[in-house]
Amino acid sequence: MRIPNTALALLLATCRTSAFGSQSSRRSAVSSAFLRGVSLTPFSVLSQTCTLKNNDSCQEYNRKINNPLNNMLSTRGGTSIASQSSVALNSAVTAEAETAPVENFRADYEPLTNIVSKISMDFDIRDGKTVVTSEMTIEPNPNGKGPGDLVLDGDETAVKLMTLQVDGRDLIENEDYELSPGKLVVKGVALKDGKGLLRTVVETVPEENTQLSGLYKSGPMYCTQCEAMGFRRITYYPDRPDNMAVFDNVRIEADKEAYPVLLSNGNFIEKGSIEDEPSRHFAVWSDPFPKPSYLFCVVAGKLGSLKDTYTTTSGTEVQLEIFSEEENVNKLDYAMESLKRSMKWDEDKFGLEYDLGIYNIVAVNDFNMGAMENKGLNVFNTAYVLADPSTASDSDYERVEGVIGHEYFHNWTGNRVTCRDWFQLTLKEGLTVFRDQEFSGDMGSNAVKRIEDVCSLRARQFAEDAGPMSHPIRPDSYISMDNFYTMTVYNKGAEIIRMYNTILSEEGFRKGMDLYFKRHDGSAVTCEDFRAAMADANEVDLEQFGLWYSTSGTPTVTYSSDFDAETGVFKLTLSQKSNSEKPMFIPVSTGLIDKVTGEEVAPTKVLELKEDTQTFEFAGLKNDVVPSILRQFSAPVKLVSSTGEIDEETLKFLAARDTDGFNRWEAGQRLYTSLVFQSYNDGSMSDTTKGYVFEAFESTLQEESMDYSIKAYALTLPTESTLSEELAEVDPVAVRKARGTVKIAIARKFQSQLLDAYAKLSTEMEAEKEFKVDAVSVGQRRLRNTILTYLTSIKETEEEQKAAAELASAHYDKAKGMTDKVAALSALASLDGAGASARDDALERFYNEANGDALVLNKWFSIQATADLPDVLDRVMALTKHPDFTFSNPNRCRSLISAFTMNLAPFHAENGEGYKFIAETIAELDKINPQISSRMGTSLIQWRKYSKSRAELMKGELKKLAEMKLSDDLFEIVNRGLK
């Protein structure tokens, strides 16, 4: 499963009101009103006058916004489904007093005494109620302590247990089984030597499932999301990854016209009509590979599709099909090509072929995550599968390719070999993120990809390491597992995998992977099992390396050096400091550059830092050298000089001479950072530092042979988030001002050169008639858009504001795709004064051109939420009442609310209004979707990084939340934040 770093669907797209006339005129009126401050009828009133094409949409909107979660109406009739059904076996449990959140510990793991080895399921899907019948073959666990009680997980708030039988006999409560919140225990006496055929019948109402976990409805389809603990919201089952069962027969029945497509995992078996109900039909699927419940999936919907085939290296033809709503089928081509590239890459790189005859992907509007690797039936957030030039930016295309690859690669690293328990999540996710990073780099530019990945790690994961949610890549405890689908588990986990590759070499890493699959195919294993395979395959001791799995925080490596001119020996001393009681195994890739000639005199060598302090010697040197340390960011650490001082002259040298692309870029970033912090600390900038920065910037701008994307990144200042991570106490407003001061100084200094470069790139790009998403074309757009941000930052006078508006507007007018549109609109969105009119016109134009496309509208919301304007909070609050905004869709919610929390200066405004808005929003959102509310809640827990006044305001909002009735997900975040 993939997080997101993230954008999506529109619940109210089919709600139309006569107040706005036609769809197009309504959009124009709504856009104009919101952009120019005209008062609109509150949507709570407006929705009551809807002339409906689809009554369900408005009904669902009202239900979710008003949050009467215990009195939800079905989409058919007007009475509660619960009131129509007979008494459920678990009804008493549902009525019990709420239990306190329970913390789970890794040390408490015990194998199940009994397991489900095979299961058949039947889904009878009807509007307002779905009946799920399951037959499970129960056996003693060969890895357990012997036959005993059978423990099943179940969420009584989502499923009503109607039937419970073993071998055809109805079980008797207290005598044969016991029910408690979240659990159903079938006693050992009800089984024969731990064996039996368990039959359950449950009822569930997917239309009411706003958590989007388990079986739920999204637009024209029903679908499931079972990772991490969603299967228990479908039926009672051992819902943990170490119970791997064969889902032998999955039958889905639904209305033929409304839901013509019926899908599940594995291979298609049969389909047909229901004899006594000709308006209904069924399909049967079977998956021959044992899998944990989190990989289960069913989909029923009215969908279009794109079909293709792929022939594996061994000659097997695989049927490929990607499903989406019919109107989006024309946006599936890039995803299909990405899938085929992924399959070929995994065969070439790791010798791994696909193992079924069918591979299906379904695009879903309402989805908490990025995508889900269900065996043979991936479910994707539409943001990570739909792409065409008019709606997707270059970044969107890159994400589609990366996430398609990620979920496909899970077929082996996650599905064929899965994790024993959820504490081992990084075993599958860290490894698969590393694999998708390598794939994306090979498909484009490895150098560019490495810069992007490290930027993301530093801006987000380092902050996580430094805050109250800090945890090792393998956590020791959790209350809600959903809170640990984090940058640490995923991206830092990928860095730990990358270190194996660095230490052992690509060849050694491949040997370890081969042994890992040979030993553990079809098993649920631990991080130790992976480390043992790597060590045994290469005959090395990696025991010390295992500390990375149990150590939280970001280690610091300090360095000092000495050169003996007489002996020609250069000594590099490295020291480490971390939260580990013992020294860690840190690979530090290092090269040496001759100070006199500027040539590399010692190629990259991996220095194995295993002690608190070590000195490494390089002999046979003619001249003194400059060390290029931590090349390719060979370990997720902070690198600082032992003196704590910044050697700007050395950084200038490396920015011009380093042969390692990453470290050359890094040197430039360190120079920018030094200048920004000078402005931050006292408002002034030294002429020396400014001179170094100007020299490095000009050299980069003028270099003709440099890759376009690398040049763009080399010209870009560190982000506010990255800068903030280097400060003990952050003033976000001052950080923005200091960064802006440096940016404007550079823009004014090189305005004419920037204009020339912009014009040259424009001429080259206009000569290309065909839109392309190759490395060169993407790089050209990235570089020109970077230059645009510099040129439009010059906006102090009225004349400059007009000039910036004209340039950005022209950029928008000539845009050939979404990338340039977004760049232009982002520049315009932050214009005020004489540029305000152009800003409002562009926002209205973009909204109308979106024509209701959910993914494009997400961009429209995000651009406004991240604008650099004094009244941005007021604008965001107004946008929450926009008819196209809904809290029930995760992507739409993230596009506005989460985006605002990343707009650091206004979110952290000294009056605390940003904190108050987010806290109030989270409290309401928690009633609808706890996974999303908890992720947004992390924006309030980093109060220790800020001034006392800001910290008190943030803590105050957390304390208010703590006094409320919260989900386990949000409770854990708030509780950690207040510790």
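At what angle do helix α14 and helix α18 pack, and how far apart are their axes? Before answering I note that this is a predicted model, in which local features need pLDDT of at least 70, side-chain atom pairs count only at pLDDT 80 or more, and totals for chains, interfaces and linings use all residues. Residues are numbered from 1 along each chain as its sequence is written, and side-chain values use heavy atoms, with hydrogens and water left out.

Entry on α14 and α18. I looked up α14 (residues 687–702) and α18 (residues 751–767) and found an angle of about 20 degrees, with the axes 11 Å apart. Helices (H or I, at least four residues) and strands (E, at least two) are DSSP runs, numbered from the N terminus. Axes are lines fitted to C-alpha atoms, for helices over the stretch in contact, and angles run from 0 to 180 degrees between N-to-C directions. The angle makes α14 roughly parallel to α18 (under 35 degrees; 65 to 115 would be roughly perpendicular, over 145 roughly antiparallel, and the rest oblique). For the contact (heavy atoms within 4.5 Å), I listed F697, E698 and L701 in α14 against Q753, L754 and A757 in α18. By class, I noted four nonpolar residues, one polar and one charged in the contact of α14 with α18. Here Ala, Val, Leu, Ile, Met, Phe, Trp, Tyr, Cys and Pro count as nonpolar, Asp, Glu, Lys and Arg as charged, and the others, Gly among them, as polar.

Entry on α6 and α10. Helix α6 (residues 333–350) packs with helix α10 (residues 487–520) at about 100 degrees, and their axes are 10 Å apart. The two are therefore roughly perpendicular to each other. I found D348, K349 and F350 of α6 meeting E506, F509, R510, M513 and D514 of α10. The contact of α6 with α10 has five charged residues, three nonpolar and no polar.

Entry on a sheet. I traced an open sheet of four strands, β31-β28-β27-β33, with mixed pairing; two strands pair if DSSP finds at least two bridges between them. β31 (613–618) and β33 (638–641) are at the edges with a single partner strand each, so one side of each has no neighbour in the sheet. From one strand to the next, the twist averages 25 degrees. β27 (residues 556–564) runs parallel to β33, joined by four bridges, and T558 has V640 in β33 as its bridge partner.
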